[in-house]
Amino acid sequence: MVMRSFASIVVIVTLAACGGKQTPKGGGGEGSGEPKGVVQDTRTPIEKRRDLSCDELAPRLTQCAVDEAKADVAAGKISKAELDKDTAPDILRKNTDEAKKACKVPMSSRQVRVLEVCLKAETECAPLQDCLGHLNDGGK
């Protein structure tokens, strides 16, 4: 059950991939004046904002899936054993990692702003999921 809920949430975030491709600015290659061996973050500001939002969003979505699974146990839809299996720490960690990966795709600045606003404005799971549904609204 957790996987089904989680999968639907990941699909919402993955759909944001329809934004324009972001191109990184020039980095520290030969002749750039950058010291050799120094790793430079070549992400654009919008990519940094997206990644920060994705890193915050993924654990919240995983927790929402756990909360939904707990409600399913209470409603008799799944057993306690299924809940325990689906919410094992390794499974939750993998789900969170997959959500981060699925979220970190090219997005428009509007889509990144939707992520930021949803994270800040919505504290409950259902409204957060509804808010994320707006990732693909509006102009491209």
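Guide: Start with the rule. A salt bridge is a side-chain nitrogen of Lys or Arg within 4 Å of a carboxyl oxygen of Asp or Glu. Keep in mind that this is a predicted model.

Visitor: How many salt bridges does that rule give?

Guide: The count comes to 9 salt bridges.

Visitor: What makes R43 and D51 a salt bridge?

Guide: Their closest N and O atoms are 2.8 Å apart. The cut-off is within 4 Å, so the pair qualifies.

Visitor: Is D51 called buried or exposed, and why?

Guide: D51 has 7% relative accessibility. Buried means under 20%, so D51 counts as buried.

Visitor: And why is R43 called partly exposed?

Guide: R43 has 33% relative accessibility.

Visitor: Why do K94 and E98 count as a salt bridge?

Guide: The N to O distance is 3.8 Å. The limit is 4 Å, so the pair passes. Both residues lie in helix α4, residues 89–103. They are 4 residues apart, about one turn of the helix.

Visitor: What makes K94 exposed?

Guide: Its relative accessibility is 51%. Exposed means over 50%, so K94 gets that label. E98, at 36%, counts as partly exposed.

Visitor: How do you know that E116 and R113 pair?

Guide: Their closest N and O atoms are 3.4 Å apart. That is within 4 Å, so it is a salt bridge. Both sit in helix α5, 3 residues apart, about one turn of the helix. R113 is partly exposed, with a relative accessible area of 48%.

Visitor: Now the helices. Where do α2 and α5 run relative to each other?

Guide: Helix α2 spans residues 45–74 and helix α5 spans residues 109–121. Their axes come within 9 Å and cross at roughly 40°. The crossing is left-handed.

Visitor: Which residues meet there?

Guide: From α2, they include R49, R50, C54 and L57. From α5, they include V112, R113, E116 and L119. The contact residues divide into 6 nonpolar, 2 polar and 6 charged.

Conventions
Residues numbered from 1 in each chain as written. Predicted model: local features only at pLDDT ≥ 70, side-chain atom pairs only at ≥ 80, totals over all residues. Heavy atoms only, no water. Axes fitted to C-alpha atoms, helices over the stretch in contact; angles between N-to-C directions. Helix = DSSP H or I, 4+ residues; strand = E, 2+ residues; numbered from the N terminus. Left-handed = near helix turned anticlockwise from the far one by under 90°. Contact = heavy atoms within 4.5 Å. Nonpolar A, V, L, I, M, F, W, Y, C, P; charged D, E, K, R; others polar. Buried < 20%, exposed > 50% of the residue type's maximum accessible area, 1.4 Å probe, protein only.
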